[in-house]
Amino acid sequence: MYNKWVIVPEHQNWKEAIQNPLVMRKMEHAYDEAEELIEHGTAEQIEEFRDKIWRGRAAGLQKAGEFSIENLNYKNLRNLGILERLKAREEKLTGVKETS
C-alpha cells in the first residue's frame, strides 16, 4: 500500500488541452459573455456569471481534475484579466469593495 501510486498520473500539457475544440468553444463563449457583461451588465448579472464560472471550475476539478474544460475556462478568464475586470465593474456598480 505504501510507496505505490493508487492511480498512476499521466503527464498532460495544458497547451495541448486548450486546443481541444470543445475547450476553445467554451472559452470563446465565456469571453464574449464576460465582455458583454463588463460593458452592459448589471451587478446581479455579473455576480451570477462569476458564480457560474466558479461553480463550474469546482465541479470540473472534482470530476475531471486540473485539465477539465471548466478549470481551463476559468484559468483562461483569470489569465486574461477578465475575472478582475468583472469584479471591478461589479464593485463600481454596487459601490461595495469585495474582500478576497
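Contact, in this tour, means heavy atoms within 4.5 Å. Helices (H or I, at least four residues) and strands (E, at least two) are DSSP runs, numbered from the N terminus.

The model is predicted: local features need pLDDT of at least 70, side-chain atom pairs count only at pLDDT 80 or more, and totals for chains, interfaces and linings use all residues. Residues are numbered from 1 along each chain as its sequence is written, and side-chain values use heavy atoms, with hydrogens and water left out.

**Whole chain**

Start with everything shown. The protein has 5 helices and 0 strands, in the order α-α-α-α-α from the N terminus. Its radius of gyration (taken over C-alpha atoms) is 16 Å, well over the 13 Å that the globule rule (2.2 Å times the number of residues to the power 0.38) gives for 100 residues, so the protein is more spread out than a compact globule. Along the principal axes, the C-alpha atoms fill a box of roughly 55 × 30 × 20 Å.

Now colour by burial. Buried means under 20% relative accessible area, exposed over 50%, and partly exposed in between (1.4 Å probe, protein chains only). Of the 100 residues, 30% count as buried. Among contacts between residues at least 6 apart in sequence, 60% join residues at least 24 apart.

**Helix α5**

Select residues 82-94, which form helix α5. The expected span of a helix is 1.5 Å times one less than its number of residues. For the 13 residues of α5 that gives 18 Å, and the end C-alpha atoms are 18 Å apart, which agrees.

Which residues of α5 are buried? They are Ile82, Leu83, Leu86, Lys87, Glu90 and Glu91. An α-helix has 3.6 residues a turn, so residues three or four places apart point the same way. The cover over the buried residues of α5 includes α2 (21-40), α3 (43-64) and α4 (69-79). Step past the end of α5 to Gly95, which has a positive phi, near 75 degrees.

**Helix α4**

Go back to α4 and select Asn71, Leu72, Asn73, Tyr74 and Leu77, which are buried. What do the buried residues of α4 pack against? They pack against α1 (14-17), α2, α3 and α5. After α4 comes Gly81, where phi is again positive, near 85 degrees.

**Val23**

Next, select Val23, in helix α2. Is Val23 buried or exposed? At 3% relative accessibility, Val23 counts as buried. Show its surroundings: leaving aside neighbours within four places in sequence, Val23 is in contact with Ala17, Ile18, Ile69 and Leu72. Leu72 is one of the buried residues of α4. Val23 and Leu72 are 49 residues apart along the chain, yet their C-alpha atoms are separated by 7.4 Å.

**Gln45**

Finish in helix α3, at Gln45. With 40% relative accessibility, Gln45 counts as partly exposed. Not counting residues up to four places away in sequence, Gln45 touches Leu37 and His40. Then draw a distance from Gln45 to Glu90: the two are 45 residues apart along the chain, and their C-alpha atoms are separated by 9.1 Å. Glu90 is among the buried residues of α5.
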